[in-house]
Amino acid sequence: MEFIYEVTEDNNYQTIKQVLKQHFDMSENLILKLKINKRIYLNKGITHVNCPLTCNDVIEIDMDFEEDNSNIAATNISLDIIYEDPYYLVINKPSNIAIHPSPQHYDTSLSNGVKYYFDSTRAKENDTSC
């Protein structure tokens, strides 16, 4: 997925970071991940988020990267999936399940179940046997 923003004369943003936060409503955490993965471009070149903007600048954000999730144990947990497409997975979360792994919920969180789901989905997609 890619986000594109072209700076116009009536631009209200001074820096790329302002565009990411205010126009695209991105969190500081996501912006940091984009910076680390070098996925923020200004006029086709990798840039930093505090770069000043001028008219006709084009900002491109490449969201197509994978995060390291090796610290999450995949666990087969029943998921009530309401909607799924290539970008979203909407789950009806039970009230009694933790969202993230923790010392008390190392392998029983929603994240563990989602990792298992994605791992098994990818395995099925890569299965070339007849």
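This is a predicted model: local features need pLDDT of at least 70, side-chain atom pairs count only at pLDDT 80 or more; totals for chains, interfaces and linings use all residues.
Local features require pLDDT of at least 70 and side-chain atom pairs count only at pLDDT 80 or more, whereas totals for chains, interfaces and linings use all residues. Residues are numbered from 1 along each chain as its sequence is written, and side-chain values use heavy atoms, with hydrogens and water left out.

Three aromatic pairs were counted, a pair being two rings of Phe, Tyr or Trp (its six-membered ring) with centres within 6.5 Å, stacked if the planes are under 30 degrees apart, edge-to-face if over 60 and tilted for the rest. Among them, Phe 3 and Phe 24 form a tilted pair, at 5.1 Å centre to centre and 50° between the planes. Phe 3 belongs to strand E1 (residues 2-6) and Phe 24 to the loop between helix H1 (16-23) and helix H2 (28-36), so the pair ties together parts 21 residues apart in sequence; helices (H or I, at least four residues) and strands (E, at least two) are DSSP runs numbered from the N terminus. Phe 3 is partly exposed at 24% relative accessible area, while Phe 24 is buried at 19% (buried, under 20%; exposed, over 50%; partly exposed, in between; 1.4 Å probe, protein chains only).

Four salt bridges were counted, each defined by a side-chain nitrogen of Lys or Arg within 4 Å of a carboxyl oxygen of Asp or Glu. Glu 28 pairs with Lys 17 at 3.3 Å, N to O, and with Lys 21 at 2.9 Å, N to O, and these three residues are linked in a network of salt bridges.
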